[in-house]
Amino acid sequence: MLDSSPAIVDAIYKRFARKVKHMVTGWGGNMKEAANVFEDVLMAIYDYAHLHKLTLTNHFEPFFLYACQLKWKQDLMQKEPGKAMSFHPVAPAPGLDEQHIKHIEAALAAPHIKQGADNTRDELEEIIADQRERWFHTKDGPNKRVGIYVVITAIIGAGMAGLLFVSPWHKDVYRQYSGTEMVHANHLATERDTALLMHQAAAAFNHGHFNKAIGLLNQIIVRDSLNTTARYYRGVSLVDEGNLVDARKDLQMVFNSQSPYRYDAAFYMALSYIRERDKQQCLEWVLKIPENAPIYWKAARLKEELSY
């Protein structure tokens, strides 16, 4: 990112834009605020890394998403202090060490002041501006007439929904909440062991090729039946493929372990019952997720959905 590489920035948006949108909108924000959080964090990381030569030894995903959570809490404190007090940023699995948390806090606290002529920073700002329309489109455009038609259509749709007593089950709630990425460690090109299989499974999983991911994860679990990471992602894949019985076996095993994915497994157990429209079982699993769990903000939003 210090080189303002369009490919790197694009990859960051591709992997994390949807998650940040869900996090911000799930806690009372809008699309514009989500875009601001994403952009502010990117620039804060750039400015801090530029001055302090920051080197990450943790995964980038928990580092970036925790920074976005912390930034949104800061913004929420200005907007709705009461709601902000109940929002507790927690780094997603596999978590962050204390030093990286301090880096994030320092980066967000530092003033974003351009240090002299910095063409790279200027280029990064231009790239980010281009990405906003692609990933955080707010439907605010020059065609006002189209906007009026959209509003009218939305009002009519809302009225029809009220007349028909639409429940959350008439929406694709599963697709709304099921997005996740498979985290994996780097591997050497010469490796032919579990690390390589995990890398291949992650590539398939993150591209939505769940059946292929299941085949690769099966090979890992045959070698190591106690690998809760492989079981968690196989369980998620099986839920998406509709094989709910086998999915729940994997997710239950992960939930019963001390895996960092324990409460993520509980969340996907809840989503598996969404697929069967079993509201009671879904709610029971949602309630197993404590407030300090990284997945809690999603669970809280799903719980609200179930109450409609």
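What you see is a predicted model, in which local features need pLDDT of at least 70 and side-chain atom pairs count only at pLDDT 80 or more, while totals for chains, interfaces and linings use all residues. Residues are numbered from 1 along each chain as its sequence is written, and side-chain values use heavy atoms, with hydrogens and water left out.

Let us start with two helices; helices here are DSSP runs of H or I with at least four residues, numbered from the N terminus. Helix α2 covers residues 31-52, and its 22 residues reach 31 Å from the first C-alpha to the last, close to the 32 Å expected. That expected span is 1.5 Å times one less than the number of residues.

In the loop between α9 and α10 you will find His 209, which is partly exposed because its relative accessible area is 46%. The C-alpha atoms of His 209 and Ser 237 are 28 residues apart along the chain and separated by 8.8 Å.

Now for the interior. In soluble globular proteins, nonpolar side chains tend to be buried together. A nonpolar core is a set of buried Ala, Val, Leu, Ile, Met, Phe, Trp, Tyr and Cys residues joined through side-chain atoms within 4.5 Å. The largest such core has 49 residues, and Tyr 232, Phe 267 and Leu 302 have the most contacts inside it. Among the elements that give two or more residues to this core are α9, α10, α11 and α12. Its largest share, nine residues, comes from α13. Leaving aside neighbours within four places in sequence, Phe 267 is in contact (heavy atoms within 4.5 Å) with residues including Tyr 177, Ile 289 and Leu 302. A second, separate core of 43 residues includes Trp 72, Ala 91, Ala 107 and Leu 108.

Which residues does Asp 250 touch, not counting those up to four places away in sequence? They are Arg 231, Arg 234, Gly 235 and Leu 238. Asp 250 sits in helix α12 (residues 244-255) and counts as buried because its relative accessible area is 2%.

A search of the whole structure finds three cavities of 30 Å³ or more. Here a cavity is a set of points, on a 1 Å grid over the protein atoms alone, where a 1.4 Å probe fits but cannot get out; lining residues have an atom within 4 Å of a point. A volume is the space filled by probe spheres set on the points, and the largest cavity has about 400 Å³. It is lined by 25 residues, of which Lys 19, Glu 61, Leu 65, Pro 92 and Ile 295 lie nearest its centre. The largest share of that lining, five residues, comes from α1.

Finally, turn to Glu 291, in the loop between α14 and α15. Beyond residues up to four places away in sequence, Glu 291 touches His 88 and Tyr 296. The C-alpha atoms of Glu 291 and Ser 86, 205 residues apart along the chain, are separated by 8.9 Å.

Definitions and conventions:
Buried < 20%, exposed > 50% of the residue type's maximum accessible area, 1.4 Å probe, protein only. 1 Å grid on protein atoms, 1.4 Å probe; cavity = no way out; pocket = protein on both sides within 12 Å on 5 of 7 lines; lining within 4 Å.
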